[in-house]
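Biologist: I've just opened this one and want a quick tour. Start with how you name the pieces, please.

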Amino acid sequence: MPLLSADPAAFPAEPPVDTHDPAVTAAHDWAAFSALDEMTDHWARPGWSDGSRAYYWMLTFPDDQRLAALAGHCQEELAPLGLDPVPTDGLHITLARVGTPGVVTPGQLDSLARDAEALLPSAFFVHAMPLAGSRGAVRLSLGPWEPLLRLHHVLAKAGSSVGLAPKKPTSAFRPHLSLAYNNRRRPAAPVVDAVSSLRALPAVELSVPAVQLVELRREGRTYRWDVRKSVPLG
């Protein structure tokens, strides 16, 4: 397993000192978020305009009612901030970008899914909570990171074998689950304060029995996707 490394494009830029302890990763997320002076517009992303599509590896939770309830409660409490909430059927953990439909062929997707299935680790659980954020979103911390890092590493290895290595290596991966996206430049303090009051909510345990290869698309100020392959973990 490659060690995490500092990356100015990642958030937090510096990795936590321990990826096995959820308390450590959660505290690290919060320290980085609470130190922000300003938040940026999540949607101001060159090359990712309304209608854009790309293939991604993700973890999706369409039937997890506890996660949906937690997300809905947090989003309701944060509503005065005017963030863009993630729909409850759109909650996800982004793992790795694969490529665009105009470049990646159906045959490559089939090969990628087949190679990944042969390498995938066993199913696992991860805890979501407490709430924190980044420069462009309010998001749940996840823990432990270790099984997610192992999964990312395997997906990157499978991608490399079929010429679809992800842009970001596992060393720059920072697992999280976004609940709402920031849609303008603004001082961070009011958002940090609002998030702080929700950090004592109980964690939700997420089951990860499979990983999804999806065709992700941007629809205005939200993300939607179609699952192309759902690959079971070992």
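Modeller: Helices (H or I, at least four residues) and strands (E, at least two) are DSSP runs, counted from the N terminus. Keep in mind that this is a predicted model.

Biologist: Since you brought up H4, how many residues has it got, and how far does it reach?

Modeller: H4 has 16 residues and covers 23 Å from its first C-alpha to its last, close to the 22 Å expected at 1.5 Å a residue. Just after H4, Gly-163 has a positive phi of about 75°.

Biologist: Which residues of H4 are buried?

Modeller: Quite a list: Glu-146, Pro-147, Leu-148, Leu-149, Leu-151, His-152, Val-154, Leu-155, Ala-156, Ala-158 and Gly-159. What the buried residues of H4 pack against is S2, S4, H3, S5, S6 and S10.

Biologist: H3 is in there. Why do you say the span of H3 agrees with its residue count?

Modeller: Helix H3 (residues 106-119) has 14 residues, so at 1.5 Å a residue it should span 20 Å, and its end C-alpha atoms are 20 Å apart.

Biologist: And which of its residues are buried?

Modeller: In H3 those are Leu-109, Ser-111, Leu-112, Ala-113 and Ala-116. An α-helix has 3.6 residues a turn, so residues three or four places apart point the same way. The buried residues of H3 pack against strand S2 (53-60), strand S4 (92-99), helix H4 (146-161), strand S10 (210-218) and strand S11 (223-232).

Biologist: Which residues touch the most other members of the largest nonpolar core?

Modeller: Trp-57, Leu-131 and Leu-177, out of 75 residues in that core.

Biologist: Switching topic: how do H1 and H5 cross?

Modeller: The axes of helix H1 (residues 22-34) and helix H5 (residues 189-196) come within 10 Å, crossing at roughly 150°. Anything over 145 degrees counts as roughly antiparallel, so that is what H1 is to H5.

Biologist: Which residues meet there?

Modeller: From H1 you get Trp-30, Phe-33 and Ser-34, and from H5 Val-191, Val-192, Val-195 and Ser-196. By class, the H1 contact with H5 has five nonpolar, two polar and no charged residues.

Biologist: Is Met-129 buried or exposed?

Modeller: Buried, because its relative accessibility is 9%, and buried means under 20%.

Biologist: What about Thr-222, buried or exposed?

Modeller: Thr-222 counts as buried too, at 17% relative accessibility. It is in the loop between S10 and S11. Not counting residues up to four places away in sequence, Thr-222 touches Trp-43, Pro-87 and Arg-217.

Biologist: And Arg-97, where is that?

Modeller: Arg-97 is in strand S4. With a relative accessible area of 28%, Arg-97 is partly exposed. Its contacts, beyond neighbours within four places in sequence, are Ala-54, Tyr-55, Tyr-56, Pro-166 and Lys-167.

Biologist: Last one: where is Val-103, and is it buried or exposed?

Modeller: Val-103 is in the loop between S4 and H3. At 61% relative accessibility, Val-103 counts as exposed. Lys-168, in the loop between H4 and strand S7 (177-181), is exposed as well, with a relative accessible area of 53%.

How values were computed:
Residues numbered from 1 in each chain as written. Predicted model: local features only at pLDDT ≥ 70, side-chain atom pairs only at ≥ 80, totals over all residues. Heavy atoms only, no water. Axes fitted to C-alpha atoms, helices over the stretch in contact; angles between N-to-C directions. Parallel < 35°, antiparallel > 145°, perpendicular 65-115°, else oblique. Contact = heavy atoms within 4.5 Å. Nonpolar A, V, L, I, M, F, W, Y, C, P; charged D, E, K, R; others polar. Expected span 1.5 Å × (residues − 1). Buried < 20%, exposed > 50% of the residue type's maximum accessible area, 1.4 Å probe, protein only. Core = buried A, V, L, I, M, F, W, Y, C linked by side-chain atoms within 4.5 Å.
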